Amino acid sequence: WQLAEACRGISDACLAFATPVTGGNVSLYNETQSGTVRAIHPTPTIGMVGMVRDIRQVCSQDFKAAGDLVYLLGALDPGLGASEYLKVVHGLVAGEPPWLNLALEIQVQQTCRAGIERGLFRSAHDLSEGGLAVALAECCISGNLGITARITGPASRLDTLFFGETASVIVVSIAARDQLVCESFLTSVLGNNWQKLGSVGDSASGFSLGAEGHSPLLHVTLEALRRTWQQAIPRRMEPTLFVEVSHDS
């Protein structure tokens, strides 16, 4: 039933976006023997292609320069159901995934593309596994630049606000000189469905994250972020590395 409904949802999204699925795969029966036989979760995997009409009008996820401003496109309404945080930190695979508003998704995607074509957005990165904190960390690691950000959202729990997952959200950065133009543009196309998160810092400023009504709650050096990310596989293969990295972080 879950697989059938997942395929139905994929079909609905493809029709809404007028986007064909060109190929894919689904795993149903793979099992691993580790004391007891465990089946992996049924996973439809989609292969798709897109077209970039002007290669000069593209964005990568990495922050580009200290002093740039960081914005969130979409309505931040995170939840921990079926999240990476729930699985990794609490060992639970449970709850409902984020609900997808197809109309808002199309609106956010169109806004992102329009901002790139106008030359406003210097970077763009979707919010997916790990929530907003992980998305911002990936932008910092890729660009070797820090960030100071404060998140505003409806979640009452800080772990939900930082690590909860939601659909139809993209993080972008702009040059500070374009702030008024950008905010006017976002209001005209998204209404209130956007927010300013903070600003990009230099490599020494680190990763500083707070929430509305709170002082900065999370501050990590870029080196700690990069080391944790780069050593993910060795940490799984060699338990002693996990202890060392966790202690340093």
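Colleague: Does phenylalanine 163 count as buried, partly exposed or exposed?

Modeller: Partly exposed, with a relative accessibility of 25%. Keep in mind that this is a predicted model.

Colleague: Which aromatic pair is phenylalanine 163 in, and how do the planes sit?

Modeller: Phenylalanine 163 pairs with tyrosine 85, and the pair is stacked. The centres are 5.4 Å apart, with 0° between the planes.

Colleague: Where in the chain are tyrosine 85 and phenylalanine 163?

Modeller: Tyrosine 85 is in helix α2, residues 84-90. Phenylalanine 163 is in helix α5, residues 158-163. The pair links distant parts of the chain, 78 residues apart.

Colleague: And tyrosine 85, buried or exposed?

Modeller: Buried, because its relative accessible area is 14% and the cut-off for buried is under 20%.

Colleague: Which residues make up the cluster linked by ring pairs?

Modeller: Tyr85, Phe162 and Phe163.

Colleague: How many aromatic pairs does the count come to?

Modeller: Four. One of them joins tyrosine 71 and tryptophan 194, with ring centres 5.9 Å apart. The planes are at 45°, so this pair is tilted.

Colleague: Why tilted?

Modeller: Planes under 30 degrees apart would count as stacked and over 60 as edge-to-face, so 45° falls in the tilted class.

Colleague: Which strands hold tyrosine 71 and tryptophan 194?

Modeller: Tyrosine 71 lies in strand β5, residues 69-73. Tryptophan 194 lies in strand β9, residues 194-201.

Colleague: Let's switch to helices. At what angle do α3 and α6 pack?

Modeller: About 150°, with the axes 10 Å apart. That makes α3 roughly antiparallel to α6, because the angle is over 145 degrees. Helix α3 covers residues 102-117, and helix α6 covers residues 179-190.

Colleague: Is the crossing left-handed or right-handed?

Modeller: α3 passes α6 in a right-handed crossing.

Colleague: Which residues make the contact?

Modeller: From α3 you have Gln107, Val108, Thr111, Ala114 and Gly115. From α6 you have Phe185, Leu186, Val189 and Leu190. By class, this contact has six nonpolar, three polar and no charged residues.

Colleague: What about α1 and α3, what angle do they pack at?

Modeller: About 45°, with their axes 11 Å apart. α1 and α3 are therefore oblique to each other. The crossing of α1 past α3 is right-handed.

Colleague: Which residues meet there?

Modeller: Asp12, Ala13, Ala16 and Phe17 in α1. In α3, they meet Leu102, Glu105, Ile106 and Gln109. The classes here are five nonpolar, one polar and two charged.

Colleague: And how do α4 and α7 cross?

Modeller: At roughly 100°, and their axes come within 10 Å. Helix α4 spans residues 131-143 and helix α7 spans residues 222-230. The two are therefore roughly perpendicular to each other.

Colleague: Which residues meet between α4 and α7?

Modeller: On the α4 side, Ala137, Cys140 and Ile141. On the α7 side, Leu222, Leu225, Arg226 and Trp229. That contact divides into six nonpolar, no polar and one charged.

Colleague: New topic, backbone angles. What is phi for alanine 18?

Modeller: Positive, about 55°, although alanine 18 is not a glycine. Alanine 18 sits in the loop between α1 and β1. It counts as exposed, at 68% relative accessibility.

Colleague: What's the phi of serine 168?

Modeller: Near 60°, a positive value in a residue other than glycine. Serine 168 is in the loop between α5 and β8. At 7% relative accessibility, serine 168 counts as buried.

Colleague: Last one. Where is glutamine 2?

Modeller: In helix α1, residues 2-17. Glutamine 2 counts as exposed, with a relative accessibility of 64%. Its C-alpha atom is 9.9 Å from that of threonine 43, a residue 41 positions apart along the chain.

Conventions
Residues are numbered from 1 along each chain as its sequence is written. This is a predicted model: local features need pLDDT of at least 70, side-chain atom pairs count only at pLDDT 80 or more; totals for chains, interfaces and linings use all residues. Side-chain values use heavy atoms; hydrogens and water are left out. Axes are lines fitted to C-alpha atoms, for helices over the stretch in contact, and angles run from 0 to 180 degrees between N-to-C directions. Helices (H or I, at least four residues) and strands (E, at least two) are DSSP runs, numbered from the N terminus. Angles under 35 degrees count as roughly parallel, over 145 as roughly antiparallel, 65 to 115 as roughly perpendicular and the rest as oblique. A crossing is left-handed if the near helix is turned anticlockwise from the far one by less than a right angle, and right-handed if clockwise. Contact means heavy atoms within 4.5 Å. Ala, Val, Leu, Ile, Met, Phe, Trp, Tyr, Cys and Pro count as nonpolar, Asp, Glu, Lys and Arg as charged, and the others, Gly among them, as polar. Rings of Phe, Tyr and Trp (its six-membered ring) pair if their centres lie within 6.5 Å; planes under 30 degrees apart count as stacked, over 60 as edge-to-face and the rest as tilted. Buried means under 20% relative accessible area, exposed over 50%, partly exposed in between (1.4 Å probe, protein chains only).
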